[in-house]
Amino acid sequence: MTSTQTRERPAAARTEATAPPSEAAGRRARDVGLRSLLPHLKGQWPALGVVAVLSLATTLLTLSQPVLIRDVVTRIEADEAVTGLVGLLVAALVGAAVLSGFRDYLLQRVAEGLVLGTRRRLVARLLRLPIAEYDRRRTGDLLSRVGADTTLLRAVVTSGLFDIVTNVLMVGGSAVMMILIDPPLFGATALGLTAGVVAVVGLSRRVRGASREAQDRVGEMTSAVERAISAVRTIRASGAEEREAHAVDGYAKDAHDAGMRIASLQALINPITSTTVQVAFLVVLGVGGARVASGAIEVGDLVSFLLFLFTLWFPLGRALNAYSRLQSGLGALHRIEEVLELPQERELGDTPAARPAAALSVVERPGSGPLAGGSAPQPPAIEFDRVGFGYAGGETVLRDVSLVVPRGTRTALVGPSGAGKSTLLSLVERFYDVTAGAVRVDGTDVRELPRRALRHKLGYVEQSAPVLAGTVRDNLALAAPDATDDDMRDVLRSVNLEDVIMRAPHGLDTQVGEGGVLLSGGERQRLALARTFLAAPPIMLLDEATSNLDARNEVLMRDAIGSVTSDRTLLVVAHRLSTVVDSDQIVVLEHGEVVAVGRHDELADTSPLYRELAAHQLLIK
């Protein structure tokens, strides 16, 4: 093991050797071959058909040239006119060049189409992976598969697969012509070529595994760079530039070493091929000269045989090199297929009893009695029914949580860090599925609802309030693409952000930077809230939605949330109890369990944990 592989690195940047079992299983995905490439060529078959025809025509024109040259030599020896043959030879040369150029252009188009289609499928799959997959995998490695690996895939078509096909056609045609000229001489030549071909094929097969390893190392390096850049301010403030550079350098060295292993394998191919062709050439000169001297063949036949030797060997050499490049491309294809074979987030989940949504019964809870006029009771907006949950490979996070969020009310989740508050919101959004019990929205188990339909009902503001790179307009339109400029200004006004944005020279088209870096923390949080308010869903999930706001903006935000959610259901996670003291109900969680439910005044008297939290925040004495 090299020193770079044992080098100590930051825990968050370590290799996938310590990945959970599910990821390790992903690494053991089935091996890929040319058959795996076929789905990626969908839509390219007409162009490939034209390429095949052009390749065949080019091959025939090229193979005709030694025959024409032999006839020219024979006629010159017989003192006959050669003008017509020379004209045909020139036409064959020009025709082969023109057809070859057009074929290569079409092949490049096919390759670019292959890369585009593969990137589209990769991106579509990456955006639909289960959230747990993002927890296990590193962003930089996934980005490497979309970028570097798909670029290598281009070589599979342009300088791999079709180079092999085209050159094998040329090799086959040349071999047939050589056999027709002189079978014994061809047999002697073939013996000299076989050893070199076997050696090159053996080396090329080793290239695929080395290429896959090299791409893995590049993915790790990309992850390390992405990690460092995304936290560059923290790294600078901590004076950790040298340590992070050293960590990235370790990954870069690993990628370099893996690349050198490929280079050492490929470096052996050229000497083997050149030595083999020299041996074959000497065999033809020696054996062929002896056969001319014995009168078995004519001089013109030997000249033609030598030309066919070169039309055989040079295409064979290119085919062998192409085979080596093909193995590198298939190593990249293996990494691409690993992602494409990952399961997508399923629209519907597995419920203990797979009943249709219409047949699901609604359990009547306190406060959900008959409506005016004796109509059937409406189910609560959200219901947690004896919910249990634990992250893959981790301890249980929630235990037997039962909770009802009546529609049109505001419910707050409070408790110490790690109590499971944010996890409850993730379960409502179906980022994860419960391991026990059920979560219901409007009376229906969320696993029985298509995810798109479920999330259409929900508005979610994450704890980190992420802002996408782009403009203010891009961020607001994310969940409401049909919103007008007036709608956007109104919602910005409601979160006290209109003046900040509209004072900027470009207004709604102001750039916010990578991750919203050009905005303050409070402005990012308000923009994330505005994005959710603009979509106006009936149920809103807010996870520490005002944690980065100053006191003045917090009051304004509370008023804005109150006005926007006056006829909606609100489920809020909060550490600052001052933001939720007026909630319709407050749920206190500890160690993944509900320990108290009530209003602020009730809990201050009945819940020791809530009283302790409130006392620390000076809300009670």
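Helices α4 and α5 are roughly antiparallel to each other. Their axes cross at roughly 160°, and angles over 145 degrees count as roughly antiparallel. The model in which this pair is seen is a predicted one. Helix α4 covers residues 45–77, and helix α5 covers residues 83–126. The two axes come within 8 Å. The crossing of α4 past α5 is left-handed. Nonpolar residues number 21 in this contact. Seven polar and three charged residues complete the set.

The chain as a whole can be described next. It has 621 residues, and 47% of them count as buried. It holds 20 helices and ten strands. Its accessible surface comes to about 29,600 Å². Carbon and sulfur atoms own 59% of that surface. Contacts were also sorted by distance along the sequence. Among contacts with a separation of 6 or more, 76% join residues 24 or more positions apart.

A second helix pair was examined. Two packed helices are described by the angle between their axes and the distance between the axes. Helix α15 spans residues 485–494, and helix α17 spans residues 521–535. Their axes cross at roughly 130° and come within 9 Å. That angle makes α15 oblique to α17. The crossing of α15 and α17 is right-handed. On the α15 side, the contact is made by D487, M488, V491, L492 and S494. On the α17 side, it is made by L527, A530, F533 and L534. By class, the residues of this contact are seven nonpolar, one polar and one charged.

L508 sits in the loop between α16, residues 498–503, and α17. Its relative accessible area is 3%. Buried means under 20%, so L508 is buried. Beyond the residues up to four places away in sequence, L508 touches T471, V472, R473, L476, D485, M488, L492 and I501. L508 and D474 are 34 residues apart in sequence. In space, their C-alpha atoms are 8.7 Å apart.

A381 also has its place in a loop. This loop runs between α11, residues 299–340, and β1, residues 382–390. A381 is buried, with a relative accessible area of 1%. Neighbours within four places in sequence were left aside. The remaining contacts of A381 are V405, P406, R407, R440, V441, D442, I539 and T569. A381 and G443 are 62 residues apart in sequence. From C-alpha to C-alpha, A381 and G443 are 7.3 Å apart in space.

D149 lies within a helix. That helix is α7, which covers residues 139–181. The relative accessible area of D149 is 0%, and the residue is buried. Residues up to four places away in sequence were again not counted. On that basis, D149 touches S144, Q215, A332, R335 and I336.

Terms used. Residues numbered from 1 in each chain as written. Predicted model: local features only at pLDDT ≥ 70, side-chain atom pairs only at ≥ 80, totals over all residues. Heavy atoms only, no water. Axes fitted to C-alpha atoms, helices over the stretch in contact; angles between N-to-C directions. Helix = DSSP H or I, 4+ residues; strand = E, 2+ residues; numbered from the N terminus. Parallel < 35°, antiparallel > 145°, perpendicular 65-115°, else oblique. Left-handed = near helix turned anticlockwise from the far one by under 90°. Contact = heavy atoms within 4.5 Å. Nonpolar A, V, L, I, M, F, W, Y, C, P; charged D, E, K, R; others polar. Buried < 20%, exposed > 50% of the residue type's maximum accessible area, 1.4 Å probe, protein only. Areas by Shrake-Rupley, 256 points an atom, 1.4 Å probe, with all protein chains shown as cover.
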